[in-house]
Amino acid sequence: MSQEPNLFSDGPDQETPGPGFAGSPGTSSGRALDPLAVRMRPRTLAEVVGQEHLTFPGSPLNQLVEASGGDRAGASSVILWGPPGVGKTTLAHVISHAPGRTFVELSAITAGVKDVRQVIENARREREMYGRTTVLFLDEIHRFSKAQQDALLPAVENRLVVLVAATTENPSFSVISPLLSRSLMLTLRPLDDGAVGNLLDRAVASDRGLAGQFTLTEEARNFIVRIAGADARRSLTVLEAAAGIAAAQTEETGDEPISITESACAEASSETVLRYDRNGDQHYDVVSAFIKSIRGSDVDAALHYLARMIVAGEDPRFIARRVVISAAEDIGMADPQALPIAVAASTAVQNIGMPEGRIPLAEAVTYLALAPKSNASYRALDAAIADVKNGLAGQVPMHLRDAHYPGAKELGHGEGYKYSHDYPHGVADQEYLPETLRGKRYYTPSTNGMERSMTERLENLRRLLRP
């Protein structure tokens, strides 16, 4: 087990700049061989974007960063939960910069109980000999077994180490309860487009990044934001690769910065430039074609437009909402299972995110496209709404009115009501509509799917209700 270096400290004592480190006199761009995403990793909470709900002044995370080894309150262990590329590792490194800290980084993929015990033993020695607190950053903690997580408990309990654990899975299911109860669970949110765009702008201008030697066109910036999928690391990786391509394809420009174009970004990411404006015509045209393809029972076209929206970076929650609406509007009672399947897909997308969320979306879209279609239910409701708006409401029949409050029976409420369960087939022959709408029919089943079998049942019910 080896201790990982703090990539953004100014040297062993965090006082004297060391050669080759970001911020040192010998370089303006950090370690020359470090990836752009590493060089641009924030050093302070003020540089962290997209997680303002965790980094505001006085927040638990802020207190953890500002705490010193001698503080009576000490620092609490934290579990950082969020999707990839939103700043879990970054926050761990920011926490490590607090004074009187020794920073150790382990990955649950490769580390075992022996490594954990070695860290704890070293932490004990650091505290006893130098009064330093050890911060243990454990990535992918959900990959640790129960026994491995148990090994951390005594050290976390006694604050021998401040555990900063990162996970992409719900800690309530992947982290043991005793460890959860001894830690703060902080949920990181996916980065929005504005946050990713700010990171790109900062990387282009910063001495730690591209140092102003490149410019990023608006089209290229929008392209990277779109394909990044709220992943800061991916956005900077694509930017760095695109800068290399742009430099290789550009002839000598003197002191002029090299322009990074959309085509260079597309080459760097192996993504095709797809013309799709989430706030413009393409957004509405593609989703319109998507819904109409499902309605028209063309599963291949429906999946094509689904793919276009996914590749274009459309909000998967928006897609899921349209799928739910399609199930209710275009399939309805022709296949009552369509709506539960669509809702399940929407819930799955919210719980697991992308790219895995594309799988339940594909299943729901396939089911809906192949399902029999009917809009009879909502057309019936629309007809009823039209009657109500046109004044055809009428009075609720006396036998249906509430008879439970004092004095209601004296007013004749509930008199003559027939309890349906007391009659054959659970149907009593009585009028339910207002007198002014007697005999009115709104719902007319189609001959598709399940509604075909409902037609006969509906006619039988109507005969029993109004013999």
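In this predicted model, the buried residues of helix α17 pack against α16 (316–331) and α18 (358–370). Those buried residues include A338, A342 and A345, together with S346 and V349. Seen down the axis of α17, the buried residues fall within an arc of 95°, so they line one face of the helix. In general, an α-helix has 3.6 residues a turn, so residues three or four places apart point the same way. On the other side of α17, by contrast, Q350 and N351 are exposed.

The length of α17 can be checked as well: at 1.5 Å a residue, its 15 residues (338–352) should span 21 Å, and because the C-alpha atoms at its ends are 21 Å apart, the two values agree.

A second place to look is where two other helices meet. Two packed helices are described by the angle between their axes and the distance between the axes. The axes of α10 (residues 193–205) and α11 (residues 218–228) come within 10 Å and cross at roughly 125°, and that makes α10 oblique to α11. The crossing in which α10 passes α11 is right-handed, and the residues that make the contact are set out by helix below.

| Helix | Residues in the contact |
|---|---|
| α10 | D193, V196, G197, N198, L200 and D201 |
| α11 | R221, I224, V225 and A228 |

Helix α10 also holds R202. The C-alpha atoms of R202 and G212, which are 10 residues apart along the chain, are separated by 9.8 Å.

Turning to the protein as a whole, its secondary structure comes to 20 helices and 7 strands. Of its 467 residues, 43% count as buried. How much of the contact in the protein with a separation of 6 or more is accounted for by residues 24 or more positions apart? Such residues account for 70% of those contacts.

Conventions:
Residues numbered from 1 in each chain as written. Predicted model: local features only at pLDDT ≥ 70, side-chain atom pairs only at ≥ 80, totals over all residues. Heavy atoms only, no water. Helix = DSSP H or I, 4+ residues; strand = E, 2+ residues; numbered from the N terminus. Expected span 1.5 Å × (residues − 1). Buried < 20%, exposed > 50% of the residue type's maximum accessible area, 1.4 Å probe, protein only. Arc of directions from axis to C-beta. Contact = heavy atoms within 4.5 Å. Axes fitted to C-alpha atoms, helices over the stretch in contact; angles between N-to-C directions. Parallel < 35°, antiparallel > 145°, perpendicular 65-115°, else oblique. Left-handed = near helix turned anticlockwise from the far one by under 90°.
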